[in-house]
Amino acid sequence: MPLDDEEPCPGGEAKPCSASPEERGAVDKDRDAAKQDTAAAKQDIGAAKQAAQKCTAESKSCMTELIGGGATQETDMAQARGELGTMKPEPSGNAASALSGTCASFTADLPAGLSGSSEMTSLCGEMNR
């Protein structure tokens, strides 16, 4: 798409511009959104600082109110422990079927003359030992 010769390039960039007006508009829109997000984050941080300054470190009730009683963290940790308990890092008695499946899958990709060869049968046999 040809760029408008009348419109100057951003930042004093020499013509031809490296980006079309539409691309520059999209970048400017994203930049404005990032500025708004930054401003909102600064407000959130300021509010959190004010809330934290209201509590002294010794005031357990105030701190509990500020950060919550830890129920969310305990729930999340319990869920993570439950999920970790179901994971099995080693094969669960399925090594033979996994190797047979691998061997069958591998031989299916070989040319017809090789897939049924004695060498392939012996290789699969060795893998299944």
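Student: How many helices and strands does the chain have?

Tutor: Helices (H or I, at least four residues) and strands (E, at least two) are DSSP runs, numbered from the N terminus. Here there are six helices and zero strands. From the N terminus, the order is α-α-α-α-α-α. This is a predicted model: local features need pLDDT of at least 70, side-chain atom pairs count only at pLDDT 80 or more, and totals for chains, interfaces and linings use all residues. Residues are numbered from 1 along each chain as its sequence is written, and side-chain values use heavy atoms, with hydrogens and water left out.

Student: What share of the residues is buried?

Tutor: Buried means under 20% relative accessible area, exposed over 50%, partly exposed in between (1.4 Å probe, protein chains only). Of the 129 residues in the chain, 9% are buried.

Student: Now charges. Which residues form a salt bridge?

Tutor: Side chains of opposite charge can pair when their charged atoms come close. A salt bridge needs a side-chain nitrogen of Lys or Arg within 4 Å of a carboxyl oxygen of Asp or Glu. By this rule the count is one. Asp28 pairs with Arg31, and their closest N and O atoms are 2.8 Å apart.

Student: Where do Asp28 and Arg31 sit in helix H1?

Tutor: Helix H1 covers residues 21–54. Asp28 and Arg31 are three residues apart there, so about one helical turn separates them.

Student: How exposed is Asp28, and how exposed is Arg31?

Tutor: Asp28 is partly exposed, at 38% relative accessibility. Arg31 is also partly exposed, at 43%.
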